[in-house]
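Let's take a walk through this one, looking at confidence and then at a few side-chain pairs. Have the viewer open.

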Amino acid sequence: MVENLTYRNEVQCTVRSNCCFGIQGPIVTSIRALLTPHPMNELRVKGTYQNHRAIKGAQGIKITAPGLEHAIAGAALYVVGPQDDLEEVKETAMGDMKSVLSRIDKSGEGVCVQASTLGSLEALLEFLKTPEVNIPVSGIGIGTVHKKDVMKASVMLEKKKEFATVLAFDVKVTPEAWKLADDLGILPNSVFNKKDSILLGFDVLEGILKVGTPICIPQRDLITIGGIASIKNNHRPVDIAEKGMKVSIKIVGTNPDEQQKMYGRHFGIEDELVSHISRRSIDALKANYRDELSNDEWKLVVKLKKLFEIL
């Protein structure tokens, strides 16, 4: 069943067939029913529907037809009339999908992208293609992320580990897919912008992360890459992130040198990001936040003190 379709011409349920497309190719089927809710009822609310022989636009309708379970959300629906060439209509229906497929990197290297509709998939692919982001895509999909999608992404573990990830937008992930991703060690975070401003997702392993915190990379000779400009948890801005949280952050360079730092060139997935503390910041913690920090957090301060060789 296709829901919430707005069609601006008359649709007859006695037409020979109609055509749309799915991931597996064009879907040619015959309409069995054209349904609308009763007056004053919402289309999205389940209940009884009125059956029509014909619908004149514009209004939202539900279409019942065999094979539509494989249709792609957001795909165009074409009515095939008695004088139409079915093969030409099928070719037209596949036009949008061909446009999307043309954006897949021919080298076979890149992330996998999964979105809820064709429109959102196209928007995400366009974003990843911009010079500021420039992340190649090796595979695409629409709908729930399943084990097979994780398996497809895991191929990158042997090629480029930073691409072993599924960028999922507005879709569900099955428990089996989550488990397989954990077992295979697929990148759990996302890098949305590689260079100033750097946008990425990560796990807070220890301590408390706050907006304004300067960040450096211990494994890369303690290079600084900027300060935390913003933190988001479940797509909502927050001021702090605590141990165990999965968040996305924006890192902005505070000087020309930091602004040149780039994910994939100066640091990568295997590197840890830490707060760049100083003697001054330690003294400020002791003077103003001594009772607010837990024992584990003070132990982290001691560990960082040794890391930065602070006397």
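Start at R220, which is partly exposed, with a relative accessible area of 28%. Keep in mind that this is a predicted model. R220 forms a salt bridge with D271, and the closest N and O atoms are 2.9 Å apart. R220 sits in the loop between β16 (214-217) and β17, while D271 is in the loop between α6 (256-259) and β21 (274-275), so the pair ties together parts that are 51 residues apart in sequence. D271 counts as buried, because its relative accessibility is 10% and the cut-off for buried is under 20%.

Now step along to I223, in strand β17 (residues 223-233). Leaving aside residues up to four places away in sequence, I223 touches I215, C216, I217, K261 and H266.

Another of them joins K246 and D203, at 3.0 Å from N to O. This pair links distant parts of the chain, with K246 in strand β20 (residues 246-252) and D203 in strand β14 (residues 198-203), 43 residues apart. K246 is exposed at 56%, whereas D203 is partly exposed at 26%. Then there's K148 with D149, at 3.4 Å between the closest N and O atoms. Here K148 is exposed at 58%, but D149 is buried at 5%.

How far to trust it? The chain's mean pLDDT is 79, and 85% of its residues reach 70 or more. Over residues 1-16, though, pLDDT stays under 50.

How values were computed: Residues numbered from 1 in each chain as written. Predicted model: local features only at pLDDT ≥ 70, side-chain atom pairs only at ≥ 80, totals over all residues. Heavy atoms only, no water. pLDDT = per-residue confidence, 0-100. Contact = heavy atoms within 4.5 Å. Helix = DSSP H or I, 4+ residues; strand = E, 2+ residues; numbered from the N terminus. Salt bridge = Lys/Arg side-chain N within 4 Å of Asp/Glu carboxyl O. Buried < 20%, exposed > 50% of the residue type's maximum accessible area, 1.4 Å probe, protein only.
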